Amino acid sequence: MISKKRYYAVLLVGCIVLAYFCWLFLRPVEIVAIHRNDNHSYVLVKNFPLTDNGKINWWLENKSRLKRKCDIPQPDANGFFTIVFWDFGDGYKEEGKYERLCFDDMPPPVNCIDKDKVFTVSNSRNLGITFLTNDNYYMLNKSGKLVKQKFS
């Protein structure tokens with residue numbers, strides 16, 4: 001039989017782990033900066049959702065607010081756009097010897113980030129709205145249903 005001390009210790013550790021995961025999944029997304037290049041927008045974020053569903057749901061729930069407050073997406077004349085969400089991580093860095101993404105709209109040398117892409121949203125005439133996560137590719141069909149696609 002388990003002692004009361006051991007039971008309470010296990011219960012306390014379980015509560016701490018549960019609280020950590022709740023905090024991890026419920027923390028708000030922070031948009032740090034937005035950089036643009038024609039119809040491409042690069043959004044630097046902290047605390048982006050971890051799961052594919054979380055990322056797509058966050059986009060669907062916040063796309064109107066992003067358009068209203070941040071003016072993204074900015075489609076071209078044909079309606080094409082791409083928005084890439086990058087993990088801001090440790091912030092802006094010098095170009096350095098690692099492969100980094102550098103922004104022309106900021107003065108060097110501290111105008112780059114580590115390439116840690118977390119999510120991409122695109123719109124094209126043939127495919128419509130598509131979502132690309134680290135591992136998967138999704139499309140919104142004409143009825144608004146999310147359909148997972150196979151990489152070709």
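Let me begin with a definition, namely that a disulfide is here a pair of cysteine sulfur atoms within 2.5 Å, and by this rule the count comes to one disulfide. The structure is a predicted model, in which local features need pLDDT of at least 70 and side-chain atom pairs count only at pLDDT 80 or more, while totals for chains, interfaces and linings use all residues. Residues are numbered from 1 along each chain as its sequence is written, and side-chain values use heavy atoms, with hydrogens and water left out.

The disulfide joins Cys102 and Cys112, whose sulfur atoms lie 2.0 Å apart, and with 100° about the S-S bond the link is right-handed. The pair connects distant parts of the chain, Cys102 in strand β5 and Cys112 in strand β6, ten residues apart; helices (H or I, at least four residues) and strands (E, at least two) are DSSP runs, numbered from the N terminus.

Are these two cysteines buried or exposed? Buried means under 20% relative accessible area, exposed over 50%, and partly exposed in between, with a 1.4 Å probe and protein chains only. Cys112 is buried because its relative accessible area is 0%, whereas Cys102, at 27% relative accessibility, counts as partly exposed. Cys70 is likewise partly exposed, with a value of 22%.

Turning to the strands around this link, two strands pair if DSSP finds at least two bridges between them. β5 pairs with β6 (residues 110–114) in the antiparallel sense over three bridges, and the bridge partner of Cys102 in β6 is Cys112. Both strands belong to an open sheet of three strands, ordered β4-β6-β5 with antiparallel pairing, in which β4 (93–94) and β5 (100–102) are the edge strands, each pairing on one side only.

Next comes the interior. A nonpolar core is a set of buried Ala, Val, Leu, Ile, Met, Phe, Trp, Tyr and Cys residues joined through side-chain atoms within 4.5 Å. The largest such core has 16 residues, and those with the most contacts inside it are Phe48, Trp59, Phe85, Phe119, Val121 and Phe131. Two or more residues each come from β2 (40–46), α2 (52–70), β3 (81–87) and β7 (117–124), and α2 gives the largest share, four residues. A second, separate core of nine residues includes Ala33, Tyr42, Val84 and Leu101.

Finally, which residues does Phe48 touch, if those up to four places away in sequence are not counted? With contact meaning heavy atoms within 4.5 Å, Phe48 touches Val29, Lys55, Trp58, Phe85, Val118 and Phe119.
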